[in-house]
Structure formats: structure tokens, C-alpha cells
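Please read them with the structure open.

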There are 2 protein chains.
Amino acid sequence: MDLLIKNAVINNLTTDVLISDGRIIKIAQNINVPSKTLIDAAGKYIVPSLKNGHTHSGMTLLRGYADDMKLQPWLEEKIWPAEAKLTPDAIYWGTRAAALEMIKSGTTFCNDMYFNFEMSQKAYIDSGIKSASGPALFDFFDPVKAKDMKINCNSAIENTDISQNNSLSLAAHSIYTLSRESLEWIADLATSKKIPVHIHLSETEKEVAECITRYGIRPAELLRETGLLDINLIAAHTIWLDDYEIDLLAEHNVTVVHNPVSNMKIATGGVFPYSKFKERGIRMMLGTDGCSSNNSLDMFEDMKVAALLQKFHTNDPEIMKAEEIFNTAAGTDTSIFPQLSSQIKEGAHADCLLLNQNTPELVPSHHLISNLVYSANGSCVDTVICNGKILMEHRRVKDEEEIIERIRSISEELYG
Amino acid sequence: MDLLIKNAVINNLTTDVLISDGRIIKIAQNINVPSKTLIDAAGKYIVPSLKNGHTHSGMTLLRGYADDMKLQPWLEEKIWPAEAKLTPDAIYWGTRAAALEMIKSGTTFCNDMYFNFEMSQKAYIDSGIKSASGPALFDFFDPVKAKDMKINCNSAIENTDISQNNSLSLAAHSIYTLSRESLEWIADLATSKKIPVHIHLSETEKEVAECITRYGIRPAELLRETGLLDINLIAAHTIWLDDYEIDLLAEHNVTVVHNPVSNMKIATGGVFPYSKFKERGIRMMLGTDGCSSNNSLDMFEDMKVAALLQKFHTNDPEIMKAEEIFNTAAGTDTSIFPQLSSQIKEGAHADCLLLNQNTPELVPSHHLISNLVYSANGSCVDTVICNGKILMEHRRVKDEEEIIERIRSISEELYG
């Protein structure tokens with residue numbers, strides 16, 4: 001047996017949790033079997049880890065580089081020129097820093113979209129967290145770029161050894177950076193290779209208007225026509241959708257990802273239509289988005305802001321209760337990623353957190369999940385286990401000093 | 001000399017900071033004088049501490065007791081019955097827990113409003129943080145209650161030794177829980193004793209409508225007519241104000257306190273009219289509100305949510321820039337409380353924080369204040385100094401274990 005956790009608190013009961021080959025194989029009192037590693041979790045809650053449905057990890061190098069700006073000058077004058085300087089090595093270390101921050105705040109998976117995904121991929125594997133990522137796909141409606149994109153994409157898929165824990169998702173940027181023909185090509189590739197596709201969808205009202213101007217239809221209809229609704233699609237943001245589009249997403253089992261902090265900070269207007277998604281049983285995840293538009297990767301914060309935003313926007317304090325957003329963040333609806341589980345139960349993937357009951361933010365303990373959503377932040381996590389392996393114990397993560405040192409020196413070199 | 005901080009980083013320069021009698025008396029390189037205590041702050045930023053403009057610390061015992069409910073059933077079925085059980089001892093320890101959480105998240109002052117303020121007062125003094133608090137004043141329009149309130153208030157003021165660091169502010173609950181006659185009495189008392197008054201103002205649309213029904217005028221006009229605008233008034237929430245009322249607050253130098261998380265969570269509708277306050281030069285503070293409506297006392301979180309809410313509500317990412325909300329939270333506009341300073345400078349009160357430069361949330365360091373507002377949370381604070389005394393060093397606070405233990409046992413006893 002790989003790991004035995006003794007005396008953890010789950011649903012107010014003290015229990016032992018036995019882990020082997022990345023799975024929870026037994027939950028019971030007084031488990032006494034030999035194990036390679038033993039954790040005494042007396043006085044600690046055990047809860048499922050959080051899963052980040054949408055981020056751009058390499059952008060961690062741009063945290064705080066430009067804030068409080070309007071979208072176009074922010075992108076054109078700041079973010080794009082800064083991104084142009086990012087080397088593969090910078091993206092590797094930026095992703096290591098993102099993974100470090102996620103581990104330290106209780107997140108063990110992210111669905112990533114960025115350039116040089118091979119470097120991010122390697123960073124996730126070296127960090128020990130699970131991930132989905134893949135080649136970044138955009139052509140800016142230029143047939144030459146589209147041709148290069150396809151060649152690079154095929155080559156990347158063939159040359160990448162993607163284990164199940166660090167799986168592939170094709171990072172199709174958006175309908176406003178990909179031609180219709182490329183969207184169709186991506187849908188075909190995803191179908192033949194059985195790879196999910198990760199896309200930005202209807203984050204701003206402007207992109208909807210442009211889609212209608214260009215194609216005479218709304219974005220979700222374009223996704224249907226290009227075949228992208230017939231595959232496993234993960235759509236990030238999904239704010240500016242009409243009811244017909246929401247029905248389309250429901251019919252086609254699209255997974256939508258809410259990024260509340262990023263949406264508010266960039267001031268895209270509109271709000272993720274949570275109730276409509278919930279009514280239709282649409283699969284939802286929670287995401288941080290990247291460090292230049294959040295600027296934190298702490299999913300505890302995104303849980304709280306998600307609940308606050310829904311309550312504020314609808315004038316209804318009963319909407320998006322603590323359990324709902326916690327379950328979303330833990331990955332209830334992540335069946336699209338078979339490497340994930342959302343619960344602490346026998347047979348589940350062993351991705352879990354230990355939190356000390358005596359953490360001030362968790363006291364008193366009238367309601368653990370309420371404390372996790374409304375009071376805690378990522379620093380309340382004591383121990384992180386991913387795939388049955390301990391990535392953080394008593395808040396110590398391996399390589400932390402080296403990662404921070406690298407980020408500081410790369411940042412100085414590129415932008416100093 | 002009491003305290004010498006060596007090698008701290010301020011505005012990208014390494015410097016020493018010398019503290020005596022609660023004040024910063026010198027900032028320079030290579031200060032070498034004997035001091036009772038020495039801190040080597042190499043690799044640490046020094047920044048001003050945060051000041052919490054509105055809270056109800058005793059409610060920390062009700063953290064997570066009831067969430068995700070509509071206002072009236074939440075108050076009537078949950079909060080008020082639970083509050084009725086609070087003993088003076090419970091309020092003392094609840095306030096110690098609140099102070100502990102504030103210290104651990106870099107806050108060294110709060111303006112409090114709660115029952116049994118003598119117990120809260122004692123708790124703040126024992127914790128070492130600065131505070132303003134005073135008798136909780138409400139009469140529910142009952143002349144008998146009003147008479148008792150006055151007797152108790154006079155007695156409380158006379159019998160309380162309030163040092164400047166833990167000063168008095170009369171906790172006049174609101175215009176909907178105090179008769180006009182009592183509001184006038186409070187204004188007279190505040191004038192004669194030179195004590196500030198702390199009041200809830202226009203948090204909900206309903207209370208404005210009720211004021212108009214009862215008095216034929218809007219809340220700020222009632223405050224003017226009862227004399228409450230002629231004293232040092234700290235008004236919490238201040239959402240549902242018309243332009244004339246905002247002009248009144250400006251003319252009378254009222255200090256307004258924004259509580260963004262609480263407002264969103266309770267779903268009061270409306271948004272703190274930040275730009276209008278700013279245009280008129282109105283003094284602003286940031287507050288957490290109490291633990292039953294937030295449920296955290298981490299002012300770092302409130303800084304971020306304040307900025308997000310303004311950007312979202314106005315569709316303008318340029319509104320409330322990081323520096324603006326940081327300065328508000330650090331207390332730029334707290335001249336109403338002479339025990340506070342908002343900057344690290346010679347002559348200022350020695351209320352400051354040290355943060356490790358290698359904290360993941362603060363790396364890279366393109367822009368420190370942006371990192372503090374958008375990326376950090378309270379756990380990034382390493383050391384807290386209040387009134388020249390070290391309240392936390394390397395995240396250790398005195399009495400933490402005892403406070404947590406007491407809160408757990410009191411909570412079990414009252415609500416178990």
C-alpha cells in the first residue's frame with residue numbers, strides 16, 4: 001500500500017483512508033496495514049481537492065505586469081508585447097510557479113491553454129499535478145498561419161507522451177481567432193483522436209456581435225455548424241449566450257467553465273448564467289483564468305467570488321449555495337476528465353486535502369463547507385495529495401525556493 | 001529605542017526603520033542605535049497595516065452558522081436567536097478570535113459595533129490591536145428602552161477607561177432602530193463628549209423607503225435634522241444615497257465605510273457609489289462587516305472584491321485602481337481616528353506589516369501594490385507591528401491556541 005492516512009475527519013467522523021496506485025481503496029476506522037507512507041491526520045479534515053477548469057499558467061510571469069486598464073490597450077500595449085518575449089524556458093518556469101501556487105492553495109488539476117504546451121506539460125508532470133493541455137490553436141483568418149498551425153498541431157500530438165493524468169485538450173483559442181475552416185479541422189481532429197477541445201466562448205458582447213456580422217449566426221450555432229458541439233467541448237467564460245444557445249450547450253453535453261474573478265476584473269459585463277445552466281443540468285467547472293487577469297490562482301477565492309457575484313447580480317442570497325460551488329470547484333461535473341474524482345470515497349482518485357481544524361478561518365465549525373467557501377483561503381490547506389502522492393505537507397512543497405528564484409530572475413531578465 | 005527594523009524594503013530600497021513610543025522616528029540606511037528589540041527584515045517588504053472601518057467582532061462565534069438565506073429569515077430565525085445566547089464571556093472570546101484573525105491578515109485596527117462593548121474593548125486591549133468601539137445604541141422606538149439605553153450609555157462612558165489607541169465611538173445602530181429623539185440625544189452626547197458616532201446608513205433600499213414613509217425625508221436628511229451630521233460621523237454601507245444626500249455627506253465631512261463582501265453576500269442590491277464619493281473628496285474606509293455576513297475578516301480579500309465590484313458594476317476596468325483601494329484600506333482617510341497613520345514615514349504611528357518577497361503570490365514583483373490587492377491574501381503577511389509592538393512574527397501570534405480552544409468550547413456549549 002502506498003499511503004495510509006490515519007485519524008482524518010470526514011463528515012464529523014474520525015476515520016482512516018488507505019490509498020494505493022493513485023486511488024482511495026478503503027475508508028474505515030482502524031485500518032492497520034503496512035504502507036510506504038503514513039500520515040497522522042488527527043485534528044484534520046479531509047476533503048476533495050479543487051480542480052481549475054480554465055487557466056493560462058505560463059502567464060504567471062505577467063502577474064501584476066499591467067492592471068486596471070481597458071481591454072484593448074491592456075492587450076495591445078502591455079500583454080501581447082510582454083508575451084512576445086516569453087521563451088520556452090520562461091513558460092516552463094511560469095507554469096511551475098502556477099502549479100506551485102495551485103498546490104499551495106489546494107488545487108491538483110488544471111485545464112490549461114497556452115503557447116509551448118510541451119513546456120507546460122513538462123512543468124505539470126515535474127510538479128506532480130494533473131492537467132489537460134494541448135497545442136494552442138489560432139490562425140487569425142490567415143490561410144498560411146492555418147497551414148502552419150495544422151502541421152504544428154499534428155506534430156505536437158504525435159510527439160507528446162500524454163499520460164492519463166496529464167492528458168491532452170486541444171487549446172482552440174476562440175471563434176474570433178480561428179477561421180471557420182480551421183474550426184472544422186479541429187472538430188475533425190478531436191473526433192478522430194478522441195481528444196477534448198478547450199475554447200473561449202462568448203466572454204465579451206463584442207465577440208458575439210462580430211460573429212453575427214461575420215457569419216449571420218451566434219457563436220454557439222457556429223460551434224454546432226463546425227462540428228465542435230459533437231465532441232467533448234470545454235467552453236470557458238460562456239457569459240453572452242441566449243436561451244437557444246444555452247439549450248444547444250445542454251443538448252450537446254458541453255462543459256462550461258466559470259471564471260468570476262477574471263470576468264469582473266476585465267469588466268466584460270454580463271454574468272455567467274448559472275441558474276439557466278443548472279436548470280438544464282449543464283456540466284460546470286470553476287476556473288481562475290490566467291494570472292494577468294485574476295491575478296491569483298487560489299480557487300478558494302474564486303469559489304467565494306462566484307457565490308458573491310451570483311447573489312449580487314440576482315439580488316438573491318439563496319442562489320449558488322456554498323455546497324453547490326464547492327462541489328463545482330471540486331469537480332462534480334468533470335467526467336470529461338477521467339483522471340479526476342470529486343469525492344472522498346472508495347474507488348475515487350486520491351486527490352485530496354487535509355486542513356487543520358484549528359485554523360482560525362475554520363473556527364467555529366458550524367458548517368465546514370460554508371467555512372471553506374466563505375471564510376477560508378488557499379493558505380488554510382495543510383497537506384495536498386494528488387494521485388496518491390503527497391505534493392505538500394505542512395505547507396512545504398518541493399522545489400519552492402528554486403521556482404521562486406527562477407521566476408524572479410527570468411522576470412528581471414525579460415522585463416527588468 | 002523600542003524596536004529597530006533592519007534591511008526592510010520600501011519603494012525598492014533597502015532601509016532601516018526605527019520605532020519608539022509607538023511612532024516611526026527614523027527611516028534611513030544603516031541606523032545603528034541600541035534597541036530593546038531588533039528585527040532583521042532582509043528580503044521583506046514593509047508596508048502600512050490595514051484598518052477595518054466597520055465590523056461586529058463578537059459575531060465571529062456565528063461564522064458559518066447560517067448562510068445563503070434571505071435577509072429576514074436569516075436574521076429572525078437564525079442570527080437573532082443565536083445572538084440572544086451570547087454571554088459577555090462569549091463576546092470577549094469572539095472578539096479575541098476576530099482580533100486574532102485580523103492580526104493574522106495584517107489588520108491592526110477596527111471600528112466595532114456590538115453588544116457588551118466593554119468585553120470587546122478588553123479583548124482588543126488584550127490582543128494588542130487598536131480599536132474604536134462604544135455602547136451599542138438602539139431603542140426600537142420604545143420610550144422605556146430608550147430611557148434604559150441612555151442610562152446604560154452614560155454609565156458605560158463614565159466607567160470605561162478608553163486609551164487613545166482603543167478609543168470610543170458610539171455605536172448608534174441605525175435610523176430604523178433608533179427613534180428621532182434618541183438620534184438627537186446621541187448627537188448631543190457626541191457633541192458634548194467629543195466622541196465620534198458609528199452608524200449603519202442606507203444599506204438596503206427598504207430602509208430608505210421606510211424612512212421616507214416615517215419622516216417624509218431621506219436618511220441623510222434625517223441625520224442632518226437630528227444633528228448627527230454636525231459631529232464626527234462614520235457611516236457604514238452608504239449604498240442607497242441620492243446625489244443630494246451625497247452632497248450632504250461631503251459638506252459635513254462624514255466618513256463612509258465600504259463593505260463590499262457583505263453587501264454582495266446579503267444581496268442588498270445597489271453598489272457603494274465610489275466615483276461620486278471620490279469626486280466630492282469624501283473620506284472613505286474599507287470594512288469587512290461581521291463574520292456572519294462576510295464570513296472572513298481578511299481585509300486583503302475585501303480590497304480585491306471592492307475593486308472587482310466597482311469594475312464589474314461600471315463596466316470600467318480603470319475604476320478603483322489598486323493604489324486607490326490599498327490606500328483606502330491602509331487608512332488614508334482615517335483622520336477621524338488620531339491613533340492611526342496610513343503611511344510608512346517618519347512621525348507616523350508604527351502600524352506596519354512585513355511580507356516576505358519570496359511569497360509565491362508576490363512573485364514576480366512588477367508592481368507590489370497590485371500584487372497586494374489582486375494576488376495576495378492575509379496569509380502573505382509575515383510580521384505585524386501595531387503601536388510599535390510586534391503582534392505577529394513569522395505568523396506566530398500569542399495566545400492563538402487558547403483563543404481557538406475557547407471558541408471551539410463556547411460554540412459547542414451555546415450551539416452544540
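**Notes on a predicted model**

1. In helix α6 (residues 205-215) of chain A, the buried residues are A:Glu207, A:Val208 and A:Cys211. Viewed down the axis of α6(A), these buried residues fall within an arc of 105°, so they line one face of the helix. This is a predicted model, and the comments here should be read with that in mind.

2. On the face of α6(A) that is turned away from the buried side, the exposed residues are A:Ala209 and A:Thr213, while the cover over the buried residues of α6(A) includes α7 (219-225) of chain A. Just after α6(A), A:Gly216 adopts a positive phi of about 75°.

3. In chain B, helix α4 (residues 143-159) packs with helix α5 (residues 180-193) at an angle of about 15°, and their axes are 11 Å apart. With angles under 35 degrees counted as roughly parallel, α4(B) and α5(B) are therefore roughly parallel to each other, and their crossing is right-handed.

4. The residues that meet in this pairing are B:Ala146, B:Met149, B:Lys150 and B:Ile157 from α4(B), and B:Glu181, B:Ser182, B:Trp185 and B:Lys193 from α5(B). Sorted by class, the contact of α4(B) with α5(B) has 4 nonpolar, 1 polar and 3 charged residues.

5. As for the contact between the chains, 49 residues come from chain B and 49 residues from chain A. On the side of chain B that touches chain A, the elements giving two or more residues are α2 (88-104), α9 (260-266), α11 (299-314), α13 (368-375) and α14 (400-415) of chain B, and α14(B) gives the most, with 5 residues. By class, that side of chain B has 21 nonpolar, 14 polar and 14 charged residues.

Conventions: Residues are numbered from 1 along each chain as its sequence is written. Chains are lettered from A and ligands numbered from 1 in the order in which they are written. This is a predicted model: local features need pLDDT of at least 70, side-chain atom pairs count only at pLDDT 80 or more; totals for chains, interfaces and linings use all residues. Two residues are in contact if their C-beta atoms, placed from the backbone, lie within 7 Å. Helices (H or I, at least four residues) and strands (E, at least two) are DSSP runs, numbered from the N terminus. Ala, Val, Leu, Ile, Met, Phe, Trp, Tyr, Cys and Pro count as nonpolar, Asp, Glu, Lys and Arg as charged, and the others, Gly among them, as polar. Axes are lines fitted to C-alpha atoms, for helices over the stretch in contact, and angles run from 0 to 180 degrees between N-to-C directions. Angles under 35 degrees count as roughly parallel, over 145 as roughly antiparallel, 65 to 115 as roughly perpendicular and the rest as oblique. A crossing is left-handed if the near helix is turned anticlockwise from the far one by less than a right angle, and right-handed if clockwise. A residue is buried if 20 or more other C-beta atoms lie within 10 Å of its own, exposed if 12 or fewer, and partly exposed in between; C-beta atoms are placed from the backbone. The arc is that of the directions from the helix axis to the C-beta atoms.
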